[in-house]
Amino acid sequence: MRITNHPILAFPEREKVLFIFDGETLEGFSGEPIVAALHAAGVRVLRHSLRHKRPRGLFCAIGNCSSCLMTVDGLPNVRVCTEPLQAGMKVETQKGRGEVL
Ligand code: FES
């Protein structure tokens, strides 16, 4: 699900790329925030709260909270709302505080 037409905003054409999310191959556009590609693929739960294990989704979308921390290419605590998508990235749901792989 993507917004493709908007009365004010223009969306530049970008290259389609493939990336891996929790072992599944998904498609997105190069340079868009990783979370945009995940949302387009229907992924809404990005992590779970540390204490109560409640699902967390996109919240601020500008890199100011910790709602979207995920492991990207083995690096934990990446804010996927501000991290640009690149071809072949491996994005994983982070468990707990994350571990460097
Ligand atoms: S949603 Fe707040 S930092 Fe990403």
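**Cut-offs and conclusions**

Reader: Why is Glu27 called partly exposed?

Author: Glu27 has 45% relative accessibility, and because buried means under 20% relative accessible area and exposed means over 50% (1.4 Å probe, protein chains only), Glu27 falls in between and counts as partly exposed. The model is a predicted one, in which local features need pLDDT of at least 70 and side-chain atom pairs count only at pLDDT 80 or more, whereas totals for chains, interfaces and linings use all residues. Residues are numbered from 1 along each chain as its sequence is written, and side-chain values use heavy atoms, with hydrogens and water left out.

Reader: What makes the contact of Glu27 and Lys16 a salt bridge?

Author: Their side chains meet at 3.6 Å, N to O, and a salt bridge asks for a side-chain nitrogen of Lys or Arg within 4 Å of a carboxyl oxygen of Asp or Glu, so the pair qualifies. Glu27 lies in strand 2 and Lys16 in strand 1, so the pair ties together parts that are 11 residues apart in sequence. Lys16, with a relative accessible area of 52%, is exposed.

Reader: How many salt bridges does a search of the whole structure find?

Author: The search finds 2, and one of them joins the side chains of Arg2 and Glu32 at 2.8 Å, N to O. This pair links distant parts of the chain, 30 residues apart, with Arg2 in the segment before strand 1 and Glu32 in the loop between strand 2 and helix 1 (34-40). Arg2 is partly exposed at 35% relative accessible area, while Glu32 counts as buried at 7%.

Reader: How do you know that strand 5 pairs with strand 6?

Author: Strand 5 (residues 69-72) and strand 6 run antiparallel and are joined by 3 bridges, and because two strands pair if DSSP finds at least two bridges between them, these strands meet the requirement. Val72 stands opposite Leu75 in strand 6, and in the hairpin of the two strands, which has 2 residues between them, Asp73 takes a positive phi near 50 degrees.

Reader: Why are strand 2 and strand 6 called edge strands?

Author: The open sheet has 5 strands in the order 2-1-7-5-6, with mixed pairing. Strand 2 (24-29) and strand 6 (75-79) each pair on one side only, and these are the edge strands.

Reader: What makes Ser67 buried?

Author: Ser67 has a relative accessible area of 9%, so it is buried. Ser67 lies in the loop between strand 4 (55-56) and strand 5, and a polar atom of its side chain lies 2.4 Å from the backbone oxygen of Gly57.

Note on methods:
Helices (H or I, at least four residues) and strands (E, at least two) are DSSP runs, numbered from the N terminus. A polar contact is a pair of N or O atoms within 3.5 Å; within protein, one must be able to donate a hydrogen and the other to accept it, and residues adjacent in sequence count only if both atoms are side-chain atoms.
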